[in-house]
Amino acid sequence: MSEQSKPWFAAKRFGYGAGLPIAWQGWALLGGYIAIVLLCAGIIEWDEDVGLIAAAPVFLASTIGFVLLCKARTRGGWRWRSGADD
C-alpha cells in the first residue's frame, strides 16, 4: 500500500462517517481545523458585525474541505455501520 493511499481516519463502528484519526496526517488535519474554528470565533468576538462577515466564508470553506478530506481518507469509506464486523 502506498503512502498516498493509506487512511488517515478509522471508520466509525456505529453510524455514518469517520472516527478518530489513526495517522499523524489525520491528527494534523484535525488540529488545523480546530485552530481555524478558534480563529474564526476570535474574529467574531473581536468585532461582531465585520467579524461575522469575514469569518463565515473561512469557516464554511474549511468545514467543507475538512469533511471532504475526511471522507476521502477514511478506512473503508463512509457508509452506514451497525456495529457488525466488516
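1. How many helices and strands are there in the chain? This predicted model contains 2 helices and 4 strands. Read from the N terminus, the order of elements is β-β-β-α-α-β. The radius of gyration is 16 Å, well over the 12 Å that the globule rule gives for 86 residues, so the chain is more spread out than a compact globule.

2. The overall dimensions can be stated as follows. The C-alpha trace spans about 50 × 30 × 15 Å along its principal axes. Of the 86 residues, 24% count as buried. Among contacts between residues at least 6 apart in sequence, 51% join residues at least 24 apart.

3. Helix H1 covers residues 24-46, which is 23 residues. From its first C-alpha to its last, H1 reaches 33 Å, close to the 33 Å expected at 1.5 Å a residue. The buried residues in H1 are Gln-25, Gly-26, Leu-29, Tyr-33 and Cys-40. The partners against which the buried residues of H1 pack are strand E1 (9-11), strand E3 (18-21) and helix H2 (48-72).

4. Leu-38 also lies in helix H1. Is Leu-38 buried or exposed? With a relative accessibility of 58%, Leu-38 counts as exposed. Leu-38 and Phe-59 are 21 residues apart along the chain, and their C-alpha atoms are separated by 9.7 Å.

5. In soluble globular proteins, nonpolar side chains tend to be buried together.

6. On the cysteines, a search of the whole structure finds 0 disulfides. Cys-40 is in no disulfide, and the nearest cysteine sulfur, that of Cys-70, is 17 Å away. A disulfide is a covalent bond between the sulfur atoms of two cysteines.

7. Thr-74 sits in the loop between H2 and strand E4 (81-82). Its relative accessibility is 7%, so Thr-74 counts as buried. What does the side chain of Thr-74 reach at 2.4 Å? The group reached is the backbone oxygen of Cys-70. Leaving aside neighbours within four places in sequence, Thr-74 is in contact with Pro-7, Phe-9, Ala-10, Ala-11, Gly-17 and Ala-18.

8. Gly-83 belongs to the segment after E4. Gly-83 is buried, with a relative accessible area of 12%. Which residues is Gly-83 in contact with, leaving aside its neighbours within four places in sequence? These are Arg-13 and Phe-14. Although Gly-83 and Phe-14 are 69 residues apart along the chain, their C-alpha atoms are separated by 5.1 Å.

9. Asp-47 is placed in the loop between H1 and H2. Its relative accessibility of 29% means that Asp-47 counts as partly exposed. From Asp-47 to Gly-15, the separation is 32 residues in sequence and 38 Å in space, C-alpha to C-alpha.

10. Lys-6 is found in the segment before E1. Lys-6 is partly exposed, with a relative accessible area of 36%. Between Lys-6 and Glu-48 there is a separation of 42 residues in sequence and of 41 Å in space, C-alpha to C-alpha.

Terms used
Residues numbered from 1 in each chain as written. Predicted model: local features only at pLDDT ≥ 70, side-chain atom pairs only at ≥ 80, totals over all residues. Heavy atoms only, no water. Disulfide = S-S within 2.5 Å. Expected span 1.5 Å × (residues − 1). Buried < 20%, exposed > 50% of the residue type's maximum accessible area, 1.4 Å probe, protein only. Contact = heavy atoms within 4.5 Å. Polar contact = N/O pair within 3.5 Å; in protein donor to acceptor, adjacent residues only side chain to side chain. Rg over C-alpha atoms; globule rule 2.2 N^0.38 Å.
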